[in-house]
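These are my notebook entries on one structure, written in the order in which I looked things up.

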Amino acid sequence: MNKQHRVVRAVLLGALLTMPALLIAAPLPAGKPGSIERGRYVVKVSGCNDCHTPGYAQRDGQVPERDWLTGDSLGWSGPWGTTYASNLRLKLAALSEAQWLRLARTARYRPPMPWFNLHAMSDGDLRAVYRYVRHLGPAGVAAPAYVPPGGAVATAVVQFPGPPPAQ
């Protein structure tokens, strides 16, 4: 290998080794971990509004922020029964930040709630979500209660298919 190739290789290796430090030092999008701005960003990109804000998905996200996360009366029905997206504004108003972190780390909700995504969030992002929701303040009413399989449902529902037949 000639001297020119060694120099190019050394420069490329140096650039590759420096890249992680630059990425770590780069500011996070939409605010610092734990900030209200970061919480707004996490809520938007993680899909919380899709279920927890009435009409959000149907209106392509064009719902005023003052109406976000107030729960929904649209049910999600399947073999587990019928679940409803809770009013996070009321739920988090009743919890301390430590209680929220514990709940977010241990909860195992019925479908379609992707509780495993909460488990995967960083403490900074969970704190940011909590602070953002608390910043919005309590609003709305509690979502309808869970209905066990076969129970009478008085709301519109999204029907999920049952599990595939056993082979």
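Entry 1, a strand residue. I looked up Ser77 and found it in strand E1, residues 75-78, where helices (H or I, at least four residues) and strands (E, at least two) are DSSP runs numbered from the N terminus. The model is a predicted one, in which local features need pLDDT of at least 70 and side-chain atom pairs count only at pLDDT 80 or more, while totals for chains, interfaces and linings use all residues. Residues are numbered from 1 along each chain as its sequence is written, and side-chain values use heavy atoms, with hydrogens and water left out. Ser77 counts as buried because its relative accessibility is 11%; buried means under 20% relative accessible area, exposed over 50%, and partly exposed in between, with a 1.4 Å probe and protein chains only. Leaving aside residues up to four places away in sequence, I find Ser77 touching Thr82, Val157, Val158, Gln159 and Phe160, a contact being heavy atoms within 4.5 Å.

Entry 2, the sheet. I then followed the pairing of E1, taking two strands as paired if DSSP finds at least two bridges between them. E1 and strand E2 (residues 81-84) run antiparallel and are joined by 4 bridges; they form a hairpin with 2 residues between them, and Gly78 stands opposite Gly81 in E2. E1 and E3 run parallel with 3 bridges, and I note Val158 in E3 as the bridge partner of Trp76.

Which residues of helix H5 (residues 97-106) are buried? I find Glu97, Trp100, Leu101 and Ala104 buried in H5. Seen down the axis of H5, the buried residues fall within an arc of 100°, so they line one face of the helix; the arc is that of the directions from the helix axis to the C-beta atoms. On the other side of H5, I find Arg102 and Thr106 exposed. The cover over the buried residues of H5 includes helix H4 (88-93), helix H6 (115-120) and helix H7 (123-136).

I searched the whole structure for disulfides, meaning pairs of cysteine sulfur atoms within 2.5 Å, and the search gave 0. Cys48 is in no disulfide, its nearest cysteine sulfur being that of Cys51, 9.3 Å away. Cys48 counts as buried at 19% relative accessibility, whereas Cys51 counts as partly exposed at 25%.
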